[in-house]
Amino acid sequence: MSRKFFVGGNWKMNGTKKVADDLLANLIKGPLDPNVDVLIGVPSLYLDYVKEKVPSNILVSAQNCYKVEKGAFTGEVSPAMLKDIGIDWVILGHSERRQIFQESDELIADKVKHALESGLSVVACIGETLEEREAGRTECVVAKQIAAIKEKICNWDNVVVAYEPVWAIGTGKTASPQQAQEVHKVLRKWLADEVSEAVSQSTRIIYGGSVTGANSKEIAKESDIDGFLVGGASLKPEFVDIVNAKK
Ligand code: PGA
């Protein structure tokens, strides 16, 4: 089964309205391969602003949301609020949320569940730390992270899985295409064994961690890598080259 290539740019906590305008202008100039789903993860404060300006071929995503619809949760944003302003995607479980904000596998799974039930599509992020990799625990760590999500959801149609080794995020140390493929293959087999062969074949598993215009073409050749989640380079003109890595 062919899976549509998917490239997300996670702006993280960067930018201003002016920066957003410049990034959008770069995307509009493109040209972007029409065979790729392109998503931008925008700071929540600017979602509405960007949504108003973005062309329809670009998906706009939040970078986080909470696990319930409304209530006394100061500082949080709910899926219902995102839907209310026309946002259909959210990135959940990013390693910065896990590490800096101490989000557990269980909380992330609850967020994924509620986001899906609220009609959002989700980029669900998983990945091991350097310490875990060096201890030979990569496969067991990512399996545990994805299993926590699987426990709470019954439909994978609106889920994109992002494998992002923590040691490769923002460090300039990209996983080699082989290292990334190895884990993606394990995850695809995990989906086949634990969910279904159909879900394993249809779910996009994208790679993140120091992806650049220069290294994206090689990584994109691997059979189980269905796209990228890009941080730093999504704030640069080369993001267009990453979108077009398959061309
Ligand atoms: P990076 O970040 O591309 O800057 O390494 C990736 C990510 O956090 O999604």
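1. Let me start with Glu 164: an N or O atom in the Glu 164 side chain sits 2.6 Å from an oxygen atom of the ligand. A polar contact here is a pair of N or O atoms within 3.5 Å. The protein covers 95% of the 280 Å² of accessible area that the ligand has on its own (Shrake-Rupley method, 1.4 Å probe).

2. A word on the basis: this is a predicted model, in which local features need pLDDT of at least 70 and side-chain atom pairs count only at pLDDT 80 or more, while totals for chains, interfaces and linings use all residues. Residues are numbered from 1 along each chain as its sequence is written, and side-chain values use heavy atoms, leaving out hydrogens and water.

3. Around the ligand you will find, among others, Lys 12, His 94, Ile 169, Ser 210 and Gly 232 (a heavy atom within 4 Å). By class, this shell has four nonpolar, six polar and two charged residues, with Gly counted as polar.

4. Which pocket does the ligand take up? The ligand's space is the second largest pocket (more than half of its atoms within 2 Å of the grid points). A pocket is an open set of points on a 1 Å grid over the protein atoms alone, where a 1.4 Å probe fits, with protein on both sides within 12 Å along at least five of seven lines; lining residues have an atom within 4 Å of a point.

Terms used:
Polar contact = N/O pair within 3.5 Å; in protein donor to acceptor, adjacent residues only side chain to side chain.
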